[in-house]
Amino acid sequence: MSYNIEIDSGSGFCFGVTTAIHKAEEELAKGAPLYCLGDIVHNGMECDRLRSMGLITINHEELRSLHHAKVLLRAHGEPPETYEIARQNDIEIIDATCPVVLQLQRRIHKRYSEKPGAQIVIFGKSGHAEVLGLVGQTRGEAIVVESIDDVRRLDFSRAIYLYSQTTKSVDEYEHIVEYIREHIDECVEFISVDTICRQVSTRSQRIRAFASRHDLILFVCGRKSSNGKVLFGECQRVNGNCHLIESAAEINERWTDGVRSVGICGATSTPTWLMEECRERLRGG
């Protein structure tokens, strides 16, 4: 091997995901069955690791038929309906909702309670677990926008209260804020609340700097990770020699031909041990 390998120290689990996994490990160590509502993290390898420890992943339909059990709620958060089902079914909730997401849920719920019928708008990915939890704070009335095309369909003659999924791009959010300000009618209230998690959003700038330092970038993450898609795109902006992989087994040795340095990085859902496995694969381990 004639090239250097560096793992990005800023990649890996964010605080919310780390906390959720620690809670799962603590509960599993007690030996009792533990269910998780949805994949605890958008990384198949980490989900497999926890499954081998006894974690059972269920969906919302399965939750409805579950009784007298213990269920972990992942960092993404859940709508009020989930808590009500748990209460009715005598389910003990292990709540690992990220504090940043929880604060956002409370803000939206408070606004909805104070301004019934108002346009509460959430910039986020429609159908994403976090967004479903946020929309649930408004009994399904919040409007989800993914792009400027969606924003154009808002009623600019009525007040707009804008929030964002915590993992979205700051630049995209500011673009949407600017568009609404330019188009909303005079004397109509518009309030934007920047609810993007800076621990996540600042990774974009850092990961661009990291990717620009290396000849080859291996971006390790689950292909279902929204955050991973965004950060991989940031790598590609500054380095044309990037590969998205889910595990060390996907590494093609030909990728390293002629390179002097390899950078290994990942998403907020990428465990450090998985990036280390990729490094060992490159070293011939």
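## Helices α10 and α11

Helices α10 and α11 lie oblique to each other in this model; angles under 35 degrees count as roughly parallel, over 145 as roughly antiparallel, 65 to 115 as roughly perpendicular and the rest as oblique. The model is predicted: local features need pLDDT of at least 70 and side-chain atom pairs count only at pLDDT 80 or more, while totals for chains, interfaces and linings use all residues. Residues are numbered from 1 along each chain as its sequence is written, and side-chain values use heavy atoms, with hydrogens and water left out. Helices (H or I, at least four residues) and strands (E, at least two) are DSSP runs numbered from the N terminus.

The axes of α10 (residues 203–212) and α11 cross at roughly 40° and come within 8 Å. Axes here are lines fitted to C-alpha atoms, for helices over the stretch in contact, and angles run from 0 to 180 degrees between N-to-C directions. The crossing of α10 and α11 is right-handed; this term applies if the near helix is turned clockwise from the far one by less than a right angle, and left-handed applies if anticlockwise. On the α10 side the contact (heavy atoms within 4.5 Å) involves R203, S204, I207, R208, A211 and S212. On the α11 side it involves L231, E234, C235, R237 and V238. Sorted by class, these are five nonpolar, two polar and four charged residues. Ala, Val, Leu, Ile, Met, Phe, Trp, Tyr, Cys and Pro count as nonpolar, Asp, Glu, Lys and Arg as charged, and the others, Gly among them, as polar.

## G233 in α11

Helix α11 also holds G233. This residue has a relative accessible area of 25% and is partly exposed; buried means under 20%, exposed over 50%, and partly exposed in between (1.4 Å probe, protein chains only). The C-alpha atom of G233 is 9.3 Å from that of S204, although the two residues are 29 apart along the chain.

## Helices α1 and α2

Helix α1 (residues 15–28) packs against helix α2 (residues 44–52) at an angle of about 20°, and the two axes are 10 Å apart. The pair is roughly parallel, and the crossing is left-handed. Residues I21, E25 and L28 of α1 meet E46, R49 and L50 of α2. This contact has three nonpolar, no polar and three charged residues.

E46, found in helix α2, is buried, with a relative accessibility of 1%. Setting aside neighbours within four places in sequence, E46 is in contact with F13, I21, V41, P271 and W273.

## Helices α5 and α6

The axes of α5 and helix α6 (residues 129–136) are 8 Å apart, and the two helices pack at an angle of about 30°. By that angle α5 is roughly parallel to α6. Their crossing is right-handed. From α5, the contact draws on V101, L104, Q105 and I108, and from α6 on E130, G133 and L134. In terms of class, it has four nonpolar, two polar and one charged residues.

## Salt bridges

Side chains of opposite charge can pair when their charged atoms come close. A salt bridge is counted where a side-chain nitrogen of Lys or Arg lies within 4 Å of a carboxyl oxygen of Asp or Glu. This rule gives 20 salt bridges. One of them joins E27 and K30, whose closest N and O atoms are 3.2 Å apart. E27 is buried at 12% relative accessibility, whereas K30 is exposed at 59%.

Another salt bridge links K110 and E114, at 2.6 Å from N to O. Both residues belong to helix α5 (residues 99–114), where they are four residues apart, about one turn of the helix. E114 is partly exposed, with 45% relative accessibility.

A further salt bridge pairs E246 with R223, with the closest N and O atoms 3.4 Å apart. E246 is in the loop between β11 (242–245) and β12 (261–266), and R223 is in the loop between β10 (216–220) and α11 (226–238), so the pair ties together parts that are 23 residues apart in sequence. Both partners are partly exposed: E246 has a relative accessible area of 29%, and R223 has a relative accessibility of 43%. Elsewhere, salt bridges with shared partners join E25, E46 and R49 into one network.
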